[in-house]
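User: I am new to this structure and would like to learn how to read its aromatic rings. Could you take me through them slowly?

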Amino acid sequence: MTMVWLWTDFLLWLLLMVFIFGWRSIRRSPQSQKQWRKIFQSKIAMAAVVVLSTYFSLALLDSVHFKINPQQTLQQGPVASYINPYLQDWVDPQLHGKTLSLLDLFSQHLILSTERTYSAPFALQEYSSSIVYTENGVEQQFKPLQYAGQHLDNPDEIFKDVIIKSIYALVLSFFITLAIWVVHGYFRIKAYIFRDITVKIEPLPWNSFYLALLTVIFVLTWLFYLSHYYHVLGTDKVGQDVLYQSIKAIRTGVMIGLLTTLVMLPLALILGISAGYFKGWIDDIIQYLYTTLNSIPGVLLIAAAVLVMQSILNTHSDWFGSTEERADMRLLFLILILGITSWTGLCRLLRAETLKISQVEYVAAAKAFGLGGFSIIRRHIMPNLMHLVLIALVLDFSGLVLAEAVLSYVGVGVDPTTPSWGNMINQARLEMAREPMVWWSLASAFGFMFILVLAANLFSDRVQWVLDPRAH
């Protein structure tokens, strides 16, 4: 086994570390704990967090890449030599030598069950008829699918079979949720026993949490279980499973939404606070910079930058060892371009808020005592801007996910070999125009993207309502 490290993998796992450190800092601050507890007292916010966590977990699973190479087994260390035999038995020999992720390990049956062409969801035969030479001459027939419904003795029993398998998935989901509830209940009881009885704590809507968790686990279990027997969301033009493409696109959507905010955050913070606190010629230069940038149509600026980047990558193909590395570098450049062109709104907001905070009494007192500018920014201004930063980040997330889809639709988004909802929608243009119409690729990409954006919007609304004093 050879580990394959991509730049975006590093950044996503780095982002997870940032989340962990942020969670630890919240636990140390009673005021932050109170604010976040108020956020999660909303049933909708609690359900939205379950959905967002599921998408993020799938993106993390898809961000650990490796290759199975049986010829290198004996040349590696003791740990790799111990793991390799299990992986080689687990991974199908057809996938040896290819770049895989942990998510691919669980969905390799979807990779291998490639049909000849289009097939509708839960279909047992191809979507279009083919010319078949029989004993009676030439006939138009719908050929049966190679990997769907092979366990059925009678094709008419498909509805009954799906219902039975759905019940199995529901029962399994119930037991998984029950196991999580028992473990969580143990820690809740332990925390309740050792709590400070003088402190009154508002309860959280755990019923909504477990209802959302049961729903998510059931959907994932149902899709995973039935995908072994059917193409649940159909196949595309070359026979690839649409469910697999939709799940793989989750990583791209989460990458664009989260990592872009990390790129734009330092620019917005440094420039916005500098303009509002130091004023004078620094403020003039920064205002001129973001006003000029805002005067250029955003889509045209991003398209021009992407085309320049694409030209550089095409002329230096020797920089990359594989197509995966090249596609990953294009995704990374797209994240950088979106981040560099998206910081102006937050910068303007932080400048205005810094101008206001720098006039309050305690900042004036700090100046009178001779405290330096950077110390005042670190101790008095930056903490009072964090709620605006958090609100802006959660509000921008859904917009960036949609931006990737739009850019890929017009052909200046991620690499065509990178799974993304924008690429699926772009390919669906011709599929919607053909006769008979192929609708499931577009519907699948839209459904997965809609759930992510809706959950992000609902959670951001709650964050804004709690953290923004003007929302009350």
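Analyst: Rings of Phe, Tyr and Trp (its six-membered ring) are paired if their centres lie within 6.5 Å, and planes under 30 degrees apart are called stacked, over 60 edge-to-face and the rest tilted. This is a predicted model, in which local features need pLDDT of at least 70 and side-chain atom pairs count only at pLDDT 80 or more, while totals for chains, interfaces and linings use all residues. Residues are numbered from 1 along each chain as its sequence is written, and side-chain values use heavy atoms, with hydrogens and water left out.

User: How many aromatic pairs does this rule give, and how is a pair described?

Analyst: In general, the distance of the centres and the angle of the planes describe a pair of aromatic rings. Here the rule gives 17 aromatic pairs. Among them, Trp206 and Phe209 are edge-to-face, at 5.4 Å centre to centre with 90 degrees between the planes, whereas Phe446 and Phe450 are stacked, at 5.9 Å and 15 degrees.

User: What is the mean pLDDT of the protein?

Analyst: The predictor's confidence in each residue, pLDDT, runs from 0 to 100; its mean over the protein is 85, and 96% of the residues reach 70 or more.
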